[in-house]
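I began with the cavities and then turned to the chain as a whole.

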Amino acid sequence: GIFYRLFSLQIIDYKFYAKKAENQHRFSQTLESMRGTIFMKDRFGDVHPLAINKEYYSVYVVPKEIEEQDKEGVSEKLAGILDMEKDAILKRVSKKDDPYEPVKSKLSDEEALNVKNSSLRGVYLSGKEYRHYPYDDIAAAVVGFVNNPETEFIGQYGLEKFFDKELAGKNGSLTAAKGVGGAIIFTGDRDYNPAVDGADLILTIDPNVQFKAEEVLKKAMEKWQAEKGLVIVTDPKAGAIKALANNPSFNPNEYSKVDNIGVYMNPAVQSLFEPGSVMKPVTMAIGLDQGVITPDTKYIDEGIVRIGGYKIMNFDNEAHGEKTMRQVLELSLNTGVVFVQKKIQKPVFKDYFKNFGFGEKMGIDLPGEVSGNISNLESNRDINYATASFGQGVAITPMHLISAIGAIANKGKLMKPYIIDEFKSPDGKTKKTEPKEIRQVVSPQAAEKVSSMMVDVVKNGFDKRASVEGYMIAGKTGTAQIA
């Protein structure tokens, strides 16, 4: 029996007992890295945290430490402090011999202080780091959120997802010998791999511009009872995004309370739409670049254009007579841009649309970006080219649109949009994003002429309220039909 037992311990079950012995004498711990911070940066160079790590307190009870006669009183006091139902707490407190029952997580500072000062027997606080968003719903679709904080940080949506690996860093580990009392023997063998903290992201977003964009968007949506709204502000010479506001939005601190997960999406790069009349300056730029028109070229607007059995009319169903190309933009005449498009060979027109980036992704560092859809131009049908000239029958994202109009503002140079100004690693090294030109889409001369025409649109067009005293504002209204 003794020999069999020795054989069993030393041969058959050797690995099991060897591992058990090792665990009794070895200490092993994961060293968690700290997730990087996401900042906005204003024009003075000051940074403002958009996503940080913050320690929150949770409260839990140890039922076996609470006397039977005290359970009602403890539950009642906790309910008052935590704004919870007494019965819900009593149910947890009443679990006999239970060594641990969580009651509420992510307490407010006031709740944590009141629990601490209550000195209730069997009631304890524990601290844990969570992701926190100081400005709540500001730029929420841009930043996204982190979930599963009980186990590990996992970026979801927005920059938290796109740069999850860079923000997360890399966990380390410590394995060492320990003595009889469980203390580490520092003179013994040990294996130490330090944690590498995540990088900080400093965005191109200016908080002052972002806050104003959010405010203006909210007021406009309330005024017009709109279902959705979007504002993008860029520096067209660089492609830097200065503000990106979506509404409806959500609070990343309370992402689980969202009923419609569609609000997590960022329509600036993930939603296609037919841009409508905002496309007319692009068609004008193509015509000017090809030399088939000038800003003062005239045509006779008869109020209707017939193409292959289809009728294209102006939005007001009116004929305006003789008009210049400047007036075509001012009055947003569909027939006028069709007049320009018909002067351009179809393959050439299609290539310009591709060069403006409408058929590709713009490459911004945000997740889920989709390509535009200009497949109608592959059909070679006259009607498809005519409708594309005023922004129907093609679909693009708002990021495509602002990049294309930005190219007109930037002397014909299409820039790659970007939202990360610089990466900052824990060792202090920084990597700054440099503006990148994608291509020259139209000549500087053509772009400047269209810009001049768009200034006239604001001066003489439908909505003169877009003007700002002391500034030359170029603009274009745009309305699209919803199919």
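Entry 1, the lining of the largest cavity. I worked on a predicted model. I sorted the lining of the largest cavity by class and found seven nonpolar, four polar and two charged residues. The lining comprises 13 residues, and T234, G239, I402, S403 and M415 lie nearest the centre of the cavity. I recorded a volume of about 90 Å³ for this cavity.

Which element gives the most to the lining of the largest cavity? I found that helix 16 does, with four residues. Strand 11 (229-235), helix 16 (398-409) and strand 17 (413-415) each supply at least two residues.

I counted two cavities of 30 Å³ or more in the structure. Among the residues that line it I noted Y157, Y264, M265 and N266. Its lining has six nonpolar and three polar residues, but no charged ones.

I listed 17 helices and 20 strands in the protein chain. The radius of gyration is 32 Å, well over the 23 Å that the globule rule gives for 483 residues, so I describe the chain as more spread out than a compact globule. The C-alpha trace spans about 110 × 55 × 50 Å along its principal axes.

Notes. Residues are numbered from 1 along each chain as its sequence is written. This is a predicted model: local features need pLDDT of at least 70, side-chain atom pairs count only at pLDDT 80 or more; totals for chains, interfaces and linings use all residues. Side-chain values use heavy atoms; hydrogens and water are left out. On a 1 Å grid over the protein atoms alone, a cavity is a set of points where a 1.4 Å probe fits but cannot get out, and a pocket is an open set with protein on both sides within 12 Å along at least five of seven lines; lining residues have an atom within 4 Å of a point. Grid points are joined across faces, edges and corners, and a volume is the space filled by probe spheres set on the points. Ala, Val, Leu, Ile, Met, Phe, Trp, Tyr, Cys and Pro count as nonpolar, Asp, Glu, Lys and Arg as charged, and the others, Gly among them, as polar. The radius of gyration is taken over C-alpha atoms; the globule rule is 2.2 Å times the number of residues to the power 0.38.
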